[in-house]
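Subject: Structure for you, with notes

Dear colleague,

I am handing over the structure we spoke about, and my notes on it follow below. Please read them with the structure open beside you.

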Amino acid sequence: MCLAVPMQIIRLDGFSARCAARGVEREVSLFMLQDEGVVPGDFVLVHVGYAIQKISREDAEATWELFDQILAAGDADA
Amino acid sequence: MSDARLWLERIRELPIPDGIRIMNVCGGHERSISMAGLRTALPPAIRLIPGPGCPVCICPEEDIYQAIRLGLEGDAVVATFGDMLRVPVNLGRQAVRSLEQAKAAGADIRPIASPIEARIIAEKAAGKPVVLFAVGFETTMAPVAALMAEGLPDNLYILCSGRLTWPAVRLLLDSDECVLDALVAPGHVATVMGPEEWGFVADDYRLPVAIAGFTPASLLRAIHSTIVQWLEETPRLDNCYPEAVKPGGNPKAREFLNRSFDVTAGNWRGIGPIAASAYALKPEFAAHDARLHFPDYDAGDRRHAGEMPAGCDCARVVLGRIQPDECRIYGKPCTPRSPVGPCMVSDEGACRIWWAAGVRKDSAAA
Ligand code: SF4
């Protein structure tokens, strides 16, 4: 629950954004980044449905790799 | 991964003080450390200690009881993060002891992944009261505050159990039995609140502190920083996650927090009250405050209210006084399948993380 996930913005609709991470799409609120001028293509850190910060593509990709490893380990355990 | 190797090499080159205790206060950090096997990769002189990093684990027992009663008797829909459903309260075996059991008994309990879902549930509930049982640290409470700032439907109430992280660290540093020599500060809390909040560790206690992100490389960089600070006797706040952690944090998020909540003293389960550590709804939101709108179901003296479950050592695990596998019932009978304490229920609980990483009693730490 406390894990923030990097996602890429696909399109905007007011303060709401369609975002994607590793093929999974979600509706994300940009209400906390409303002064940051985020645009489609940008990467954001998403926590419980809200974008909390803009990040770079490199950081997003590094974190995705980490999650892949954690998920793989989690599957093995379950 | 090569970045992580590099930091590992740099750490290995240092004359590491024997038994230096480096604490993290974030379930996400602990998961990365455990899953990447950093404890075994690092020199044995370094002890990485999970501290108070799990908001579910310290969520007041009486608040969970209140949420259960609201679902069963208050005729309210209760929406809360999935992690909260299996956390037990202290009642006899025959009683409804968790939100999951309340659901099985007919209460309308909805696990959610975002506070926005609570608003959608309320909009569809045709006037029926919906209670958002809001549990979390700053990273979660900022979104709840944003939801409040956007406007709440009349039938949406908030049972607020949000907590701040740094006051628990101060409590540890003030305690006679201090369990840390250095702190790896939580990257996403600092992303929202700003790095400045953590300066007190170096300024007031002369201990090293570094803010870390969540990749092994970022964590190792922060660990390296704290050891160098220790060796050079120059404790200072080092931001090792500048990609996301900007000076001042996220100003909009902090504005919403300030508009929605007062910071008050609050109970931490099994630990007791901590000054200036709890978010409470501002009077302007009284019409949406579940504590004001519904009866206090905890009135009366329930035995063991506020405590951890009987036999569970979660309070000492949360405070970093023991490691998860030092709990007498770790693994037997307490496992993720049949958890006894909240630290084995929550994805951010140290016991659950260690179990998932393969740590068994009497085996070497992950
Ligand atoms: S092993 Fe279970 S009972 Fe023991 S501290 Fe962890 S969660 Fe609590």
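How many salt bridges are counted between chain B and chain A? Before the reply, please keep in mind that this is a predicted model. The count between chain B and chain A is one salt bridge, and the side chains that meet in a salt bridge are those of D35(A) and K252(B), at 3.7 Å from N to O. Five residue pairs are counted in polar contact between chain B and chain A, with both residues at pLDDT 80 or more.

As for where chain B touches chain A, the elements of chain B that give two or more residues to that side are α2 (27–35), α4 (55–58), α7 (115–124), α8, α10 (187–193), α13 and α17 (350–356). Of these, α8(B) provides the largest share, eight residues, and by class the side of chain B that touches chain A has 22 nonpolar, eleven polar and nine charged residues.

The contact draws 42 residues from chain B and 27 residues from chain A. The area that chain B and chain A bury between them is about 2800 Å², with 66% of it on carbon and sulfur atoms. H188(B), N250(B) and K252(B) supply 16% of the area that chain B buries against chain A, which is more than any other three residues supply; K252(B) is also the partner of D35(A) in the salt bridge.

Within chain B, helix α8 (residues 138–150) packs on helix α13 (residues 251–260) at an angle of about 70°, with the axes 8 Å apart, and α8(B) and α13(B) are therefore roughly perpendicular to each other. On the α8(B) side the residues are M141(B), A142(B), A145(B), A146(B), M148(B) and A149(B), and they meet A253(B), F256(B), L257(B), R259(B) and S260(B) of α13(B). By class, this contact of α8(B) with α13(B) has nine nonpolar, one polar and one charged residues.

Helix α8(B) has a further contact, with α7(B): the two axes come within 9 Å and cross at roughly 40°. There P115(B), I116(B) and R119(B) of α7(B) make the contact with P143(B), V144(B), L147(B) and E150(B) of α8(B), and by class the contact of α7(B) with α8(B) has five nonpolar, no polar and two charged residues.

Finally, two points of the backbone deserve a look. Most residues other than glycine have a negative phi, and most peptide bonds are trans. The peptide bond from K332(B) to P333(B) is cis, with omega near 5°, and P333(B) lies in the loop between α15 (314–318) and α16 (342–345) of chain B. R206(B), a residue other than glycine, has a positive phi, near 55°, and its place is in the loop between α11 (199–205) and β8 (209–212) of chain B.

With best wishes

Conventions
Residues are numbered from 1 along each chain as its sequence is written. Chains are lettered from A and ligands numbered from 1 in the order in which they are written. Side-chain values use heavy atoms; hydrogens and water are left out. Axes are lines fitted to C-alpha atoms, for helices over the stretch in contact, and angles run from 0 to 180 degrees between N-to-C directions. Helices (H or I, at least four residues) and strands (E, at least two) are DSSP runs, numbered from the N terminus. Angles under 35 degrees count as roughly parallel, over 145 as roughly antiparallel, 65 to 115 as roughly perpendicular and the rest as oblique. Contact means heavy atoms within 4.5 Å. Ala, Val, Leu, Ile, Met, Phe, Trp, Tyr, Cys and Pro count as nonpolar, Asp, Glu, Lys and Arg as charged, and the others, Gly among them, as polar. Buried area is the accessible area (1.4 Å probe) that two parts lose on being put together, summed over both. A salt bridge is a side-chain nitrogen of Lys or Arg within 4 Å of a carboxyl oxygen of Asp or Glu. A polar contact is a pair of N or O atoms within 3.5 Å; within protein, one must be able to donate a hydrogen and the other to accept it, and residues adjacent in sequence count only if both atoms are side-chain atoms.
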